[in-house]
Structures are given as C-alpha cells and as structure tokens.
Amino acid sequence: MLVLGIETSCDETAAALVTGEREILADVVLSQLEEHRPFGGIVPEIAARSHLQHIDRLVAEAMAQAGKSFADLDAVAATGGPGLIGGVIVGVMTAKALALGAGKPFLAVNHLEGHALTARLTHGIDFPYLLLLASGGHCQLLAVEGVGRYTRLGTTIDDAAGEAFDKVAKMAGLGYPGGPAVERAAKQGDPARFLLPRPMKGKPGCDFSFSGLKNAVRLLIESLPQPLSDQDAADVSAAFQIAVADSVADRTRRAIREFNIRWPGGRHLVVAGGVAANTALRAVLIRLSNETGMTFLAPPLKLCTDNAAMIAWAGIERLRLGLVDSLDFAPRPRWPLDPNTRKAGGKA
Ligand code: KG4
Ligand code: ZN
C-alpha cells in the first residue's frame with residue numbers, strides 16, 4: 001500500500017510518501033518560519049499564499065524522491081482540518097485534484113489524528129495508548145483506542161502550551177519561535193529566583209490552562225528594570241519553563257491514573273507536538289513514566305512537529321478500514337477528535 005500525504009494546516013507546507021510497511025519513502029517539509037518572523041507570529045493570509053505557491057513543487061519533489069508515479073498510489077490524503085482554513089483549503093483542493101486525475105481515492109485526515117497515530121508509524125505500537133499532544137495550536141491528553149476512536153481526557157481551557165512559550169519569548173525579547181529561545185535562555189537561568197503559579201495543579205480532571213501563567217510572567221517582567229538584562233530574561237525563562245513542566249506533569253499524572261483504570265491494557269505514554277522537543281518537559285515526563293510504570297515514547301522530532309508523513313500514515317490506517325472520503329468533503333477549521341467531549345475554551 002502506498003499513500004501520498006499533504007499537510008498545509010499551519011505554517012509548514014509538506015508532502016510525503018509512506019507505505020503500508022511503515023516505510024517513509026519521501027518526507028518533504030518547507031517551513032514558512034522566515035516569512036512570518038518579521039510579524040512575530042503566523043499571519044494566516046501569508047501562510048495560505050505561501051502554501052499555494054509551493055505545494056505543487058513539493059508534491060513533485062516527494063514523488064521524485066520516492067521514484068513513484070501517481071499511478072503507483074493507492075490513495076491521496078490531505079489534512080482536512082483543524083487548522084488555518086486558507087491553508088487547509090489549498091491542501092484539500094490539491095489532493096482532490098490529484099486523486100481525481102489519477103483515479104485514486106481521496107482521504108481527508110484530521111491533523112490531530114495524524115499526530116495521534118505517528119507512534120504506530122515510527123514504533124508500531126498497539127492500541128490503546130495515552131497521548132500528550134503539545135504544540136503551538138493544541139494541548140491535549142488523549143486515550144488513543146483505535147483509528148477514529150479517541151477519548152479526550154484533557155485539553156486547554158485557554159492557550160496552547162506552545163502559544164504560551166511563544167508569547168513569553170516575545171515579552172522577554174527573545175524572538176520567534178519562542179519555544180527553542182525560551183529553552184536556550186532557561187539553561188543560563190536560575191529557576192528558583194522567581195516563583196510562578198502552577199496552573200491547574202491539584203485540580204480535578206486533566207485540563208490545562210496557560211493564560212494565567214502568561215499574565216503572571218507579564219507582571220513579573222513589568223516589575224523588572226527595562227529593558228530586561230540577559231540574566232533577568234534567563235531567570236524568567238527558567239521559572240516559566242519549570243512552571244509549565246510542573247503543571248503538565250501534574251495533569252499527565254492524573255491522566256495516567258484515569259487511563260490505567262479505563263484502558264488497563266495500555267502501557268505507553270506517547271508525546272507529540274513541537275513542545276515535546278523541550279528537554280526539561282521531557283525529563284519530568286520520563287520521571288513520571290518511570291514512577292507510574294508507563295513506557296515513555298517520543299517519535300523523532302521531525303515527526304513530532306508538523307509533517308506530511310503522519311498524514312499519509314493516518315491515510316493508510318483509514319484506507320485499510322475502507323474509510324475513504326468523497327470529493328464533496330468541505331475543509332474544517334475546527335474538528336475535534338473526540339466528538340463526545342464537552343466544549344472547552346481551547347482549540348479543537
Ligand atoms: O508542532 P509544532 O511544530 O507546530 C504546531 O503548532 O502545530 O509546534 C510549534 C510550537 C511552537 O509554539 C514552538 O514555540 C513550540 O512548539 N516549541 C517548543 C520547543 N520547540 C518548539 N516549546 C518549548 N520548547 C521547545 N524546545
Ligand atoms: Zn500539529
């Protein structure tokens with residue numbers, strides 16, 4: 001089985017070819033980082049235009065790298081949502097046109113399902129498992145029970161974790177994207193100099209919240225001499241990073257407890273999303289896994305952040321179950337993985 005995947009829901013334009021034997025034959029990702037950097041964040045119109053400009057070439061590049069033609073494909077999959085709608089439309093229209101032209105099925109993949117199933121592509125693990133997805137747009141804890149079967153145990157009631165990293169970096173004058181900059185600064189900082197709140201720690205349930213912490217950082221920065229010295233910025237970063245790690249660990253500990261009761265067969269704690277790159281966060285999650293008897297599993301970074309291999313793989317998993325989509329599929333800006341979850345304030 002061979003599927004072409006296309007990803008255009010945020011600020012990465014990507015195309016990949018993946019086989020049913022879990023081989024990635026091509027995995028091309030074009031980051032728009034430099035186009036958005038002057039604005040200190042992603043500008044949706046710029047993103048959509050850039051996807052449109054590059055997607056055809058990236059698909060051709062992926063096909064050439066894999067040495068395959070469209071006739072070799074079993075299906076064409078694209079992210080159908082959730083995401084910035086202009087970009088999602090570009091990917092969906094491209095995939096529909098290719099599928100129609102080649103006479104192959106079209107698959108609309110939920111971007112979150114792509115992240116959720118990546119550990120099966122990289123490590124071949126069985127269902128069920130617990131997933132912590134922490135990126136610029138999402139922060140969720142999910143029980144992954146099967147293809148199309150997800151139970152959301154927790155989500156953010158305001159900002160995503162990555163969004164908080166990006167805003168703190170901006171406030172501390174550390175640049176964009178914020179996560180890596182905050183992590184770098186935190187290495188030089190003293191995490192004990194300032195004490196920041198641990199959002200939601202000890203609260204029932206597994207939801208996240210980062211906007212109060214972000215505000216606390218803003219007030220802290222305003223109380224310091226301006227412009228911030230390198231040492232002050234480093235100490236603020238270290239205090240913020242440890243607060244996030246502590247809060248995420250508390251939420252994940254509760255989710256593990258719930259997961260073990262409801263899905264006793266599951267053993268893996270899987271992380272995905274750009275924030276999973278953070279070594280301080282990884283360290284607390286590894287410690288937590290050891291304490292709770294879970295096996296910690298992180299796909300390689302390139303497959304944790306946005307990519308098209310995960311979309312192609314989710315397409316393969318869906319195709320195996322006969323879950324193809326019609327060319328009438330309408331791109332979705334919001335698309336929760338678990339349709340039964342109560343509405344939370346955060347992103348889908
Ligand atoms: O998954 P991703 O590449 O894109 C989506 O948002 O879907 O995640 C990007 C986010 C950004 O907010 C970025 O600041 C954050 O992940 N990030 C990090 C680190 N590297 C990237 N956050 C904390 N520590 C890092 N090392
Ligand atoms: Zn993503």
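Gly137 is partly exposed in this predicted model, with a relative accessible area of 24%. Its place is the loop between strand 6 (129-134) and strand 7 (139-146).

**Around Gly137**
- Gly137 and Ile157 lie 20 residues apart in sequence, and their C-alpha atoms are 12 Å apart in space.

**The zinc site**
- Three residues coordinate the zinc ion (ligand 2) at 2.1 to 2.2 Å: His111 through NE2, His115 through NE2 and Asp306 through OD.
- Along the chain, these donors follow the spacing H-x3-H-x190-D.
- His115 sits in helix 4 (residues 111-122) and Asp306 in the loop between helix 10 (301-304) and helix 11 (309-320), so this pair ties together parts that are 191 residues apart in sequence.
- Buried or exposed, what are His115 and Asp306? Both are buried.

- Domain 1 covers 2-116 + 305-320, while domain 2 covers 126-302.
- Taken over C-alpha atoms, the domain centres are 27 Å apart.
- Domain 1 brings 19 residues to the contact and domain 2 brings 17 residues.
- About 1,500 Å² is buried between the two domains, with carbon and sulfur atoms giving 58% of that area.

**Polar links and helices at the interface**
- Six residue pairs are in polar contact across the interface of domain 1 and domain 2.
- One salt bridge is counted between the domains.
- Asp27 and Lys302 form a salt bridge, with their closest N and O atoms 3.2 Å apart.
- On the side of domain 1 that touches domain 2, helix 1 (33-36), helix 4 and helix 11 each supply at least two residues.
- Helix 4 gives the most to that side, with five residues.

Note on methods:
Residues are numbered from 1 along each chain as its sequence is written. Chains are lettered from A and ligands numbered from 1 in the order in which they are written. This is a predicted model: local features need pLDDT of at least 70, side-chain atom pairs count only at pLDDT 80 or more; totals for chains, interfaces and linings use all residues. Side-chain values use heavy atoms; hydrogens and water are left out. Donors are N, O and S atoms within 2.8 Å of the metal (3.2 Å for Na, K and Ca); water is not among the atoms, so sites may look incomplete. Helices (H or I, at least four residues) and strands (E, at least two) are DSSP runs, numbered from the N terminus. Buried means under 20% relative accessible area, exposed over 50%, partly exposed in between (1.4 Å probe, protein chains only). Domain bounds come from an automatic or database domain assignment. Contact means heavy atoms within 4.5 Å. Buried area is the accessible area (1.4 Å probe) that two parts lose on being put together, summed over both. A salt bridge is a side-chain nitrogen of Lys or Arg within 4 Å of a carboxyl oxygen of Asp or Glu. A polar contact is a pair of N or O atoms within 3.5 Å; within protein, one must be able to donate a hydrogen and the other to accept it, and residues adjacent in sequence count only if both atoms are side-chain atoms.
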